[in-house]
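Below are some notes for a colleague who is opening this structure for the first time.

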Amino acid sequence: MTTHPDPVRDTPEAYSAPAQPAEPSPAQPVAPATVPAQPATAVWTEGVDTVPRAGGTPGELQPYTELGLRDDEYDRIRQILDRRPTQSELAMYSIMWSEHCSYKSSKVHLRQFGEKAPHSDRLLAGIGENAGVVQVSDELAVTFKVESHNHPSFVEPYQGAATGVGGIVRDILAMGARPVAVMDPLRFGAADHPDTARVLTGVVAGVGGYGNCLGLPNIGGELVFDPSYQGNPLLNALCLGVLPVNRLQNKAAAGPGNVVVLMGAKTGRDGIGGVSVLASATFDEGSEARRPAVQVGDPFTEKLLIEACLELYDGQLVVGIQDLGGAGLTCALTETAAAAGTGMRVWLERVPLREPSMDPHEILASESQERMLLVVEPDKLDAVLKTCEKWGVLATAIGEVTAPEPDGRPGRLLITWQDHLVVDVPPGSLVDDGPVYARPMREPADLILLQADRAETLPRPADPEALRETVLRMIASPNLADKTWVTEQYDRYVLGNTVLAQPEDGGVIRIDERTGLGVALSVDGNGRYARLDPYNGTKLALAEAYRNVAVTGAKPIAVTNCLNFGSPEDPGVMWQFAEAVRGLADGCLELGIPVTGGNVSFYNQTGAAAIHPTPVVGVLGVLDNVADRVPMGFVPRAGGDHDQLY
Amino acid sequence: MTARVGVVTFPGSLDDGDAARAVRIAGAEPVRLWHGDPELHGVDAVVLPGGFSYGDYLRCGAIARFAPVMETIVDAARGGLPVLGICNGFQILCEAHLLPGALTRNQHLHFRNRDQVLRIESAGTAWTNAFQPGQEVLIPVKNGEGCYVADTATLDQLEAEGRVVARYVGGNPNGSQRDIAAITNAAGNVVGIMPHPEHAVEALTGPSLDGLGFFTSVLKHLVGTPA
Amino acid sequence: MPRVVVDVMLKPEILDPQGQAVANALPRLGVGDVASVRIGRRIEIEFTGEPDLDRAREIADKLLANPVIEDFTVRLVEADETADARS
Amino acid sequence: MPRVVVDVMLKPEILDPQGQAVANALPRLGVGDVASVRIGRRIEIEFTGEPDLDRAREIADKLLANPVIEDFTVRLVEADETADARS
Ligand SMILES: Nc1ncnc2c1ncn2[C@@H]1O[C@H](COP(=O)(O)OP(=O)(O)O)[C@@H](O)[C@H]1O
């Protein structure tokens, strides 16, 4: 999946957005977005919509609004292609230019993570890659990232959570790492609300079902109840991976003539439109009836995918690799080609399908899980296929890397479907040239009132009886109560390297049995603080995660984050977001550790009511020898030389 | 000559590396065996590790039972080869009819991972001779389908023949009948256990070192058996 | 007394990893002529009084199936169907 | 093309915690007249050629059901049974 965009890479200048109205001004229209003289129903008739056909029917109405594209965005597409897009191309642009994939509202703010980042010698891959990679010894590096799967986890809690874990694990795998641990920061509505029982049990079972079956120890997370998450729970999932420094992989589809291989599960109709509809749209009454197709995870296939990929890396059999997540093939094909500046030629009918009746645009948009895209030198193809076969993983050559244009411009992505040319686009136009918005921002009007209502004005327990009652009430609060019911549904032992896990402040994983080298991790966030003061609330989340890592005895070295917010089209939410990013960037500068990656999740709201702004911050630290870790409890020592209290 | 203990990897095995580590810490040589290869490569004993073989779809262990390596293991086990099935391995042994009964969904319907006290009921097996009968050990349990069931006649027979190898103490984590955590076959060479001894072999990563006893037991057993 | 049987199956377009795992295992059992296997749930409901199909449908919709990914059917079955057909 | 359906249910003497959990949840949905709920598996097998009941029975016996805890029935079902009865 796409991560934060690379802040140093050139992005087209942001559309200047006037403060009013909230909508950014459109670009120069080249062709009219809608051409009259076509019956309104003639959206699409029959057969495959090919590139030549698109050239010959410029006036055909296209459902770009339904796909979430605005008039000016549609016009941009026509401008880029110099014709109307085919149905497949339209699907691809609508996905890649969605908020979820393009970071169009967050890009301008996220740049600070790069600009304010303190220098680090350890960073092998940073923002813009699938996940940031930090070196922790001469031979070893670790990679970690946290990502959200909020909306699917509301619609189908078990599968939403399961595929959330599956997705982040593939991100880590794509960097060349063996995934070695997961964490799961969770937010639910009120603990006593009937729907919380549905969502909580499903999400926890899904996180456990997938992670346990994959053999990844769960070493921590969060469990928070607050009514603001009632119609929009948060499922964030973090994965940690370990790799030898020289096994680092990248996604660039380099080397014209190389073979493009699709690996893993067959492609089905699951999650089609998921990125645009599920991940970006607001929940409303209609969504329950709309019953969108959600993805179903198959952790068994993912386990085989992991083992097969690691064997391919170790055999130095791949040139480039990219996981398929949201936006499926569309994202993987365009990102790998754009990263190398090459072109690509893909025969779409070679993609193994679960349902033979799928249309090209459905194949391109499908979010079927447990798939990876490989770029392989032709003489290594046999070895790749053999390894995949050994692990029982499907692998199919579906295309070829092609050369950049003779004049040095990047190559084009050409996709055919049974000899019909259905896509002919510059891959970079989908990945890097998407719209960028400087959305209007305004401090929420109620903030002053909220801040004026200070905690000091609350009644204080004045006598022992009241004090007792307060203590009992606090103990009974779901947010403070024991979390064992959740955490014991997760395997913390598998892989045999878990040194600390829940209920410790931070998880600690040994990554080198020989030397005892290990890493510590903590994820933290506090939506209530962030609601009151997003700038300082985010700093506090960072500070908490930093402290939790430090108290294990580890030295914090890197930060990841998942920014869960309401609609970016709401100036109040956008302000919260901007403040949170500024807070995190400033906090990291003060603490001297870089943000190495993360994820933005917008549109977390029910109707017009946004969730509390919820930046979740993960900090990673390094321990030269995990034997030196500091556990939370007192350690009785032989000879009475016990721990001292200070 | 150190003993060679095979650890089978099925597609979906998860604790295979941990079982191999435990074998090594116990002082034997772990030998990795592959589900698709019927050869046992001359190993002296076999561990079927925990995990979700074939995704544990359908029923846990149901598909793994048909792996080529299992045919050889079933024959060899009948001939006396020591075999330890841990968690998923236990499920596979039941599905393969090397052990009686079945492992079903935990009664509370949740996966449960906790540190569990067990009482060793039988120290007469190839895998428990390092323990004292009645000894209590602390070993992690982690499973979703660990509830042991069998008909009354089978349970009575297991009890009568001293084939209940370990029982849960201080709370039954999954609803197993008669608190059964581990059983053995009549000959005592095949043992199935739900909790994970391989996760209690290092002070840093386990709740105790009690799990080592299972692996040192088989070494002791092998020394006593002529090759 | 007849029972109500609710069959819950994944919608056809939804991945069925269980069925797939079984289908992939069959060749090893010497079975080569199976095109596909789908696995769902069969739920038998016994009522205290008369079996109530509408009530069963309501239970299925609310509790037994997730309509996002599953379809269900509800039908009356004579008490001895299972016994009869027992192979 | 007709399919073969294999229904696998836990033997009556084996505790079915899942069915019990559903039964226990029903009163909260306002359903008071359910005596028992049992949950099993429904497996639909499509053959490449003619559906083969004997073959299906063999598969069920070897793989789909565990005779220690489960009973099964095998039957032919017209392709559109599900669609017909779709509530
Ligand atoms: N969803 C979860 N998944 C895994 N571990 C969790 C989860 N929620 C809480 N934990 C773990 O439970 C322990 C207690 O959590 P919490 O009470 O939030 O700790 P603290 O308040 O000290 O941060 C921590 O180790 C935390 O990582």
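1. A strand here is a DSSP run of E of at least two residues, and strands are numbered from the N terminus. With that in mind, the largest share of the shell around the ligand comes from β5(A), which supplies five residues. Please keep in mind throughout that this is a predicted model.

2. The surroundings of the ligand deserve a careful look. There are 15 residues around the ligand, and those that come nearest are Asp184(A), Gly221(A), Glu222(A), Lys483(A) and Glu504(A). Two strands of chain A, β4 (178-188) and β5 (218-225), each give at least two residues to the shell.

3. A polar backbone atom of Gly221(A) is 3.0 Å from an oxygen atom of the ligand, while a nitrogen atom of the ligand lies 3.1 Å from a backbone N or O atom of Glu222(A). For Leu223(A), a polar backbone atom is 3.4 Å from a nitrogen atom of the ligand. The ligand taken alone exposes 550 Å², of which the protein buries 77%.

4. Elsewhere in chain A, helix α2 (residues 71-81) is largely enclosed by the rest of the structure, because eight of its eleven residues are buried. Among these buried residues are Asp72(A), Glu73(A), Arg76(A) and Arg78(A), as well as Tyr74(A), Ile77(A) and Leu81(A). The buried residues of α2(A) pack against α3 (87-96) and β13 of chain A, and the helix is followed by Asp82(A), which has a positive phi near 65 degrees.

5. The strand β13(A) also belongs to a hairpin. Strands β12 (residues 413-417) and β13 (residues 420-425) of chain A pair in the antiparallel sense over five bridges, and Leu413(A) has Val425(A) of β13(A) as its bridge partner. Two residues lie between the strands of this hairpin, where Gln418(A) takes a positive phi near 50 degrees.

6. As for the assembly, five pairs of chains touch, and the pair with the most contacts is that of chains C and D. By contrast, chain A and chain D are joined by no contact, and their closest C-alpha atoms lie 10 Å apart.

How values were computed: Residues numbered from 1 in each chain as written. Chains lettered and ligands numbered in written order. Predicted model: local features only at pLDDT ≥ 70, side-chain atom pairs only at ≥ 80, totals over all residues. Heavy atoms only, no water. Contact = heavy atoms within 4.5 Å. Pairing = 2+ DSSP bridges. Helix = DSSP H or I, 4+ residues; strand = E, 2+ residues; numbered from the N terminus. Buried < 20%, exposed > 50% of the residue type's maximum accessible area, 1.4 Å probe, protein only. Near = heavy atom within 4 Å. Polar contact = N/O pair within 3.5 Å; in protein donor to acceptor, adjacent residues only side chain to side chain. Areas by Shrake-Rupley, 256 points an atom, 1.4 Å probe, with all protein chains shown as cover.
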